[in-house]
Amino acid sequence: MDSKKPNSPARVAIVTGASRGIGAAIAERLAADGMTVVINYSGNTRPAEELAHKIEQAGGRALTAQADVSDPAAVARMFDAAETAFGGVDVLVNNAGIMHLAPLAESTDALFDSHVAVNLKGSFNTLREAARRLRNGGRIINLSSSVVGLYQPTYAVYAATKAAIEAMTHILAKELRGRNVTVNAVAPGPTATALFLDGKPQQVIDHLTKLAPLERLGQPEDIAATVAFLAGPDGGWINGQVLRANGGII
Ligand code: NDP
């Protein structure tokens, strides 16, 4: 990759679910690394706009893009908007996701359908557009989860969608042969965001915090650094891999 050459044009990255949490940290980090970023979100306009403003104040370039990733037409429009604004797309970070936990026997159809729609179909929708449109030399990074290895009770539906994302990662990496596009997944462990913290009793959070030998919760910036490695010049030889970024939890 030549993104460090002073006169090369900025690479363009779409980060889904970038209004908050891990996605916001990824967008900020990729912008700091010199990429132009498209900040996707589903409903929370204000934090997305604030993040774009913060990035531009720091000398970066950012665009916000409302699109429910489960809607294929909205995803196509988002790619259209990125191409119109910046001439093309080089990096897709498939970060948007939801997690609602319940024992399988108590999981409702609505719980199942929403996870499949956002986590699985949403990733499929963006991967399909990226597979068709990403410029040669591009990078795709999907967000999986270390629960795919941990298999804890109550995670059945969520973990199933993430396992599917890992399967698509391996297959798409092979399908993109000849384009110099890498496809990898990052699988975080417990990370301090609303998705992880909301609704959990403090003792559960304390327990999960101590599971990793590094004895702390992941921070969004830890995951952003891992994604930045895979998206940047030093990660170019990593392809078709799942990188668990979790402090050693599994
Ligand atoms: P948050 O709940 O903090 O943020 C979720 C983001 O996804 C928000 O920006 C939200 O946008 C966006 N989003 C949700 N639904 C949609 C949709 N249908 N279309 C577009 N955007 C959507 O989650 P995290 O930052 O914690 O998680 C990010 C990713 O990391 C997820 O894929 C998650 O599964 C994965 N992960 C997280 C772990 C953790 O411990 N936090 C551990 C392992 C994996 P809006 O603000 O508009 O709602």
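Begin with the open sheet of seven strands, ordered E3-E2-E1-E4-E5-E6-E7 with parallel pairing; strands here are DSSP runs of at least two residues (E), helices runs of at least four (H or I), both numbered from the N terminus, and two strands pair if DSSP finds at least two bridges between them. The model is predicted, so local features need pLDDT of at least 70 and side-chain atom pairs pLDDT 80 or more, whereas totals for chains, interfaces and linings use all residues. Residues are numbered from 1 along each chain as its sequence is written, and side-chain values use heavy atoms, without hydrogens and water.

Select strand E3 (61-66) and strand E7 (242-245) next: each stands at an edge with a single partner strand, so one side of each has no neighbour in the sheet. Within the sheet, E5 and strand E6 (residues 182-188) run parallel and are joined by five bridges, and Ile140 has Val183 in E6 as its bridge partner.

Now show the largest nonpolar core, which has 31 residues, with Ile26, Leu30, Val37, Ile39 and Val93 having the most contacts inside it; such a core is a set of buried Ala, Val, Leu, Ile, Met, Phe, Trp, Tyr and Cys residues joined through side-chain atoms within 4.5 Å, where buried means under 20% relative accessible area (1.4 Å probe, protein chains only). H1 gives the most to this core, with seven residues.

Finally, pick Ser19, in the loop between strand E1 (12-15) and helix H1 (21-32). Ser19 counts as buried because its relative accessibility is 13%, and its contacts (heavy atoms within 4.5 Å) include Ile39, Tyr41 and Pro47.

Note on methods: Buried means under 20% relative accessible area, exposed over 50%, partly exposed in between (1.4 Å probe, protein chains only). Lists of a residue's contacts leave out its neighbours within four places in sequence.
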